[in-house]
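Subject: A structure for you to explore

Hello,

Here is the structure I promised to pass on to you. Please open it beside this email and look up each place as you read.

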Amino acid sequence: MESNVPDFILFLGRFHPLVVHLPIGFLIFAFVLELYGRWKRDFAVSMAIEFALLGGAISAAVASVLGYMLSLSGDYEQDMLDTHFWFGIATTLVAFLAWSILSGKLHIPKLNGLKANIAGLTLVVILVAITGHYGGNLTHGSDYLVKYAPFGRTEKVVLPPIDKLEEAAVYDYLVNPILETKCNSCHNSSKKKGGLSFQDSVAIKEGGKNGEVFIAGNVAKSEMIRRTMLDPHHEDYMPPEGKTPLTDEEKSILSFWIEKANADFEIKMGDLETPEEITSIASNMLGLEDVTGKSGIPLPKVSQINEEILKDITGEGFKVRELIFESGLYEVVLPPHFISSGNSNELDGKLEKLLPMKDNIIWLSLKDNDVQDRHLKTIGQFKNLQKVELEKNPITDVGIFEITGIQSITGLNLYQTKITSSSFENFIRMKGLERVYAWGTAITEDEVASFAKKENRPSIIMGM
């Protein structure tokens with residue numbers, strides 16, 4: 001549908017999430033004022049209630065129009081969209097009706113003696129709640145409101161534990177958790193950006209507006225991989241800005257499933273000839289022993305982190321994800337551009353907030369956040385780090401020296417930083433380090449070729 005709708009209409013429609021909060025605030029404020037006036041018997045607030053109702057009704061009308069424009073993109077489940085839309089219209093009409101009665105613009109004799117004001121406002125608040133509920137479902141999925149409720153929710157399907165990697169179904173144990181974490185918020189049964197849902201295998205096979213999302217056996221032509229490999233500033237890059245990008249390991253797992261497993265939803269790891277790198281990544285994801293010895297770094301045993309600490313950290317803007325259920329081991333991501341040169345000092349405090357869980361972080365991403373050498377001194381205390389993404393930051397060889405004491409780091413992304421070949425000695429000091437992504441730096445191909453001749457050195461990768 002989107003291709004048949006003028007871009008300007010869709011542009012206006014995207015203001016719906018901004019405007020829609022105005023009627024919510026106005027109408028609930030009117031209801032609270034009505035309760036206050038009755039409790040204190042202060043009827044002087046009636047003019048304020050009248051203003052709030054009118055503001056709520058007008059802004060609700062504007063939000064409805066913008067919501068309709070947004071719906072023309074075709075990215076939403078139609079039945080739920082219709083329900084949300086008509087409840088929004090009902091909210092608008094009832095708000096105008098309540099304002100008309102309160103202001104005396106509309107006189108209905110049959111309402112004489114009845115508590116029309118409080119009844120109308122109560123109905124408005126109920127409609128606002130229902131409309132908002134369906135709007136939340138459209139944006140975040142149909143279980144958004146009750147997902148963490150202590151009652152009345154569907155128990156999450158828990159996969160049976162496995163002792164050997166060969167027993168793991170590739171899709172269920174490895175691919176689906178990645179899609180749930182990184183893709184489902186925009187591609188689910190309620191909200192289908194691009195007409196695509198990753199809700200289940202049936203929806204994935206259906207594809208989206210641009211056709212099939214994967215081509216079994218062909219990663220290069222599979223859209224779900226191609227878009228994750230684009231420049232982050234490209235308009236087709238996935239996930240979009242503000243969402244946590246896929247890690248290199250996650251991309252490798254998805255590529256393996258499509259190419260080597262032919263995107264089979266039932267096949268198990270034991271049925272496939274699996275490269276050592278994939279075996280290593282999958283073992284770490286599932287908390288199993290890495291029999292390849294490729295990572296060389298066993299998963300540490302750590303204490304669980306207090307929920308208040310996690311809440312405090314997410315409040316600082318970090319995205320936190322437990323990598324293995326109840327392991328206490330986390331991936332921590334600060335979204336790109338969260339910190340810039342204008343507020344670089346804020347990063348010092350944010351990194352300090354991570355110290356209470358420094359032993360629990362094994363994947364850390366701070367890409368494109370104006371990380372300075374001094375910040376790496378703090379990161380040097382995170383003794384269990386295994387993968388660190390520091391690309392597009394103004395760090396130098398001095399900063400890299402600050403993290404050489406972390407012997408568990410296996411992967412280090414330093415793309416477009418200010419490091420030079422002087423950091424080669426730093427890399428050698430990091431005994432667990434296997435690969436360094438260093439294109440876009442001052443390091444040359446000749447320097448890498450010379451370094452490659454040394455024993456016990458990590459691979460320096462100079463391009464995709």
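Let us start with one cysteine. Cys186 has a relative accessible area of 12%, so this residue counts as buried, the cut-off being under 20%. You will find Cys186 in the loop that runs between helix H7 (170–182) and helix H8 (201–206). Now look for Leu138: Cys186 and Leu138 are 48 residues apart along the chain, and their C-alpha atoms are separated by 9.6 Å.

Before you go further, please keep in mind that this is a predicted model. The protein chain has an average pLDDT of 84, and 88% of its residues score at least 70. Among the elements of the chain, the lowest mean pLDDT, 82, belongs to helix H6 (residues 116–140), while helix H15 (residues 397–401) has the highest, 96.

Next, the surface. Which residues form a nonpolar patch there? They are Phe8, Phe11, Phe15 and Leu18, and together they have about 450 Å² of accessible area. Phe8 sits in helix H1 (residues 7–13). With a relative accessibility of 55%, Phe8 is exposed, because the cut-off for that word is over 50%.

Then there are the aromatic rings, and the count comes to 15 aromatic pairs. One of them joins Tyr415 and Trp439: the ring centres are 5.1 Å apart and the planes meet at 40°, so this pair is called tilted.

Tyr437 and Trp439 are both buried.

Two more places are worth a visit. Ring pairs link Tyr171, Phe214, Trp257 and Phe265 into a cluster. Elsewhere, look at Trp363: Lys387 lies over the face of its ring, at 4.3 Å from the ring centre.

Enjoy looking around, and write back with any questions.

Best wishes

How values were computed
Residues are numbered from 1 along each chain as its sequence is written. This is a predicted model: local features need pLDDT of at least 70, side-chain atom pairs count only at pLDDT 80 or more; totals for chains, interfaces and linings use all residues. Side-chain values use heavy atoms; hydrogens and water are left out. Helices (H or I, at least four residues) and strands (E, at least two) are DSSP runs, numbered from the N terminus. Buried means under 20% relative accessible area, exposed over 50%, partly exposed in between (1.4 Å probe, protein chains only). Patches are made of residues with over 30% relative accessible area and no salt bridge: like charges are joined within 9 Å, nonpolar side chains (Val, Leu, Ile, Met, Phe, Trp, Tyr) within 5 Å. Accessible areas come from the Shrake-Rupley method with a 1.4 Å probe; for residues, only the protein chains shown count as cover. A salt bridge is a side-chain nitrogen of Lys or Arg within 4 Å of a carboxyl oxygen of Asp or Glu. Rings of Phe, Tyr and Trp (its six-membered ring) pair if their centres lie within 6.5 Å; planes under 30 degrees apart count as stacked, over 60 as edge-to-face and the rest as tilted. A charge sits over a ring if NZ of Lys or CZ of Arg is within 6 Å of the ring centre and within 35 degrees of the ring normal. pLDDT is the predictor's confidence in each residue, from 0 to 100.
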